[in-house]
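Visitor: Please show me the model, and then let us go through it by question and answer.

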Amino acid sequence: HYYITNNLRCQMEVLLRADKLLRQHKLVEAVAEYTSNINKLRVSGPKEVLSSAYNNRGQCHYLQVDFYKAIDDYTDSLKHDPANSTALYNRAQVKYRLNFFSEAREDILKALEISPDSADAKSCLEAIDYAVSNKASS
């Protein structure tokens, strides 16, 4: 039992280093840290922690304007924790930026089912619906 607890604590400490790099916008280094963490977590990590690592690496890709890699990471995040409303919101944002409005809307509606009070998700849904209505009237 101590080994598992100690192992989890080490994994969390490593993730915190990657999170710090992300907050500092050291994105290349953060991606490397998250990738290393993901490889370790795939073997022995809790699914929620693995989901967070994928989501946060996706955020790095998003900030580097590598939208398709971001979508892949958000999708992997959701494979490990389908109730991760942050990953759903993030993936919806990227799909919106790529003009994949129906897919973005699906994701944001799922995010709102999980987190109905999310102001960001509500705002995103409004933006998607506005874009769709403008596209239809063009």
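Visitor: How many helices and how many strands are there in the chain?

Guide: This is a predicted model, in which local features need pLDDT of at least 70 and side-chain atom pairs count only at pLDDT 80 or more, while totals for chains, interfaces and linings use all residues. Residues are numbered from 1 along each chain as its sequence is written, and side-chain values use heavy atoms, without hydrogens or water. Helices (H or I, at least four residues) and strands (E, at least two) are DSSP runs, numbered from the N terminus. Read along the sequence, the pattern is α-α-α-α-α-α-α, and the count is seven helices and zero strands.

Visitor: Which aromatic pair has 40° between its planes?

Guide: Rings of Phe, Tyr and Trp (its six-membered ring) pair if their centres lie within 6.5 Å, and planes under 30 degrees apart count as stacked, over 60 as edge-to-face and the rest as tilted. A search of the whole structure finds two such pairs. The tilted one with 40° between the planes, at 5.6 Å centre to centre, is Y62 and F67.

Visitor: In the tilted pair of Y96 and F101, is F101 buried or exposed?

Guide: The centres of Y96 and F101 are 5.8 Å apart, with 55° between the planes. Buried means under 20% relative accessible area, exposed over 50% and partly exposed in between, with a 1.4 Å probe and protein chains only. Y96 is partly exposed at 26%, whereas F101, at 12% relative accessibility, counts as buried.

Visitor: What percentage of the 138 residues in the chain is buried?

Guide: Y62 and F67 are both buried. Over the 138 residues of the chain, the buried share is 41%.
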